[in-house]
Amino acid sequence: MGVISDLLFVVSHLFVLFAFVNVPIASAQSIFNVKRYGALSDGKTDSIQAFEDAWKDACESEEPSTVLVPEGEFLAGPYEFKGPCKRRITFQVDGTVIAPTSPNAFTRKNWIMFSYIDEFKMSGHGIFDGMGKSTWGHNDRSGMTFPTSLQFSFMNNSIVEGITSKNSKMFHIMILACIDMKVRRLKIIAPEDSPNTDGIHIALSTNVEVTQTQIGTGDDCISIGPTNNGITITDVECGPGHGISVGSLGKYSSDKDVSNVLVKDCKITKTTNGVRIKTWEHSFPMTCRNFTFENIKMVDVSNPIIIDQHYCPTHNCGQQTNSKVKIIDMKFKNIEGTSETPLAINLKCSETEPCADVHLSNINLRYTGANLFKLSSEAESESESETPQSACINVLSPIISDNVFPKACF
Ligand SMILES: *[C@@H]1O[C@H](CO)[C@@H](O)[C@H](O)[C@H]1NC(C)=O
Ligand SMILES: *[C@@H]1O[C@H](CO)[C@@H](O)[C@H](O)[C@H]1NC(C)=O
């Protein structure tokens, strides 16, 4: 056979191959492109009706379906995408979805919500731009709340991956009352000085995993609120922001236990806190149990390890109150890096409910606070650079193993 006929032979067989591979895939997965429903990718025309219509058809589809937001800029929302849907459903965002900025566009609390869906997936490499600059200046006024960019509530067996959330008005992502939720490969970005722009807040949920995610915001990178069981955070880069935080807990009587939290293989850079557990000084009773913070690298973090059971931002919690939140079985293991304040390990537990079963092992946190001073001094002063400190208040028989520096609870 000549070269041409060889090629033709290969090509014809490729066609056969593609035909076989393609047909089943195409028919098993219906695509509902928002542009076909009239969405305009000019970044100016409100396209929420098209999103809504595409969602309704996809959700009613007898086959697994995908709502596609293709490349381009789409002004859309607020809207709640609700289940239940007939089959698996994917919301794929490859373009940029832009939030409205006029305050009266928000009759509901949040911007884009997904709720009551089983086997939901969000995917794509697109961006949700919350246009936060339009409200950040007003976030400090008491009582003012602004939309969360993406809220997932009452969802089971779901995945959120790939997308970027940028400049939310308040929280970027909230996960509420979800069971078996995987969050991976996200980017979450807002300026360091943007108020209340928490990265991911998780509450009332069971088995939530967050992994391979980069978060830099003006508030907590990840906050784990009340009533959670089985929260795993791995391979997260956090900073700037306020760190990875459990709390604040105990403010409401409905705040129930938080158990089985694992934070592992994370890097925390230039944040106000590293890993933190925070409970209200004046609080309802509940229990935090079995948390592990392991393999954490801290870079210039102000409070690398902190348990604060005296949280009272309003300063009128009364003098005699002690947090009723029990903190039991906490492990801090393989944590190293630099602290920007001398108090690198700060465990301030409640007098009435002392922390119990606190394990510290292999911790090395150096104090780098006086950077300017160090630069201008002689090399030999390295040895006398300030020693980091620890506090250990109301911690019942702590368990210290391997090297812990600064020495704590000794
Ligand atoms: C999620 O699972 C819970 C517990 O099994 C169930 O009550 C709820 O209806 C499920 N929700 C959805 C949307 O499937
Ligand atoms: C403690 O939490 C970890 C991480 O979530 C989990 O794997 C482990 O089974 C829990 N231990 C107990 C005793 O529940």
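A charge is taken to sit over a ring when NZ of Lys or CZ of Arg is within 6 Å of the ring centre and within 35 degrees of the ring normal. In this predicted model, K278 lies over the face of Y311, at 4.1 Å from the ring centre. A further case is K407, whose charged end is found over the ring of F410, 5.1 Å from its centre.

Turning to the rings themselves, the structure contains 17 aromatic pairs (rings of Phe, Tyr and Trp, the last by its six-membered ring, with centres within 6.5 Å; planes under 30 degrees apart are stacked, over 60 edge-to-face and the rest tilted). Among them is the edge-to-face pair of Y79 and F81, with 4.7 Å centre to centre and 80° between the planes. Both Y79 and F81 are buried (under 20% relative accessible area, with exposed over 50% and partly exposed in between, for a 1.4 Å probe and protein chains only). Ring pairs also join Y79 and F81 with W55, F91, F114, F120 and F152 in a cluster.

F293 is buried at 1% relative accessible area, and F332 is buried at 2%.

Residues are numbered from 1 along each chain as its sequence is written, with chains lettered from A and ligands numbered from 1 in the order in which they are written. Local features need pLDDT of at least 70, side-chain atom pairs count only at pLDDT 80 or more, and totals for chains, interfaces and linings use all residues, while side-chain values use heavy atoms, leaving out hydrogens and water.
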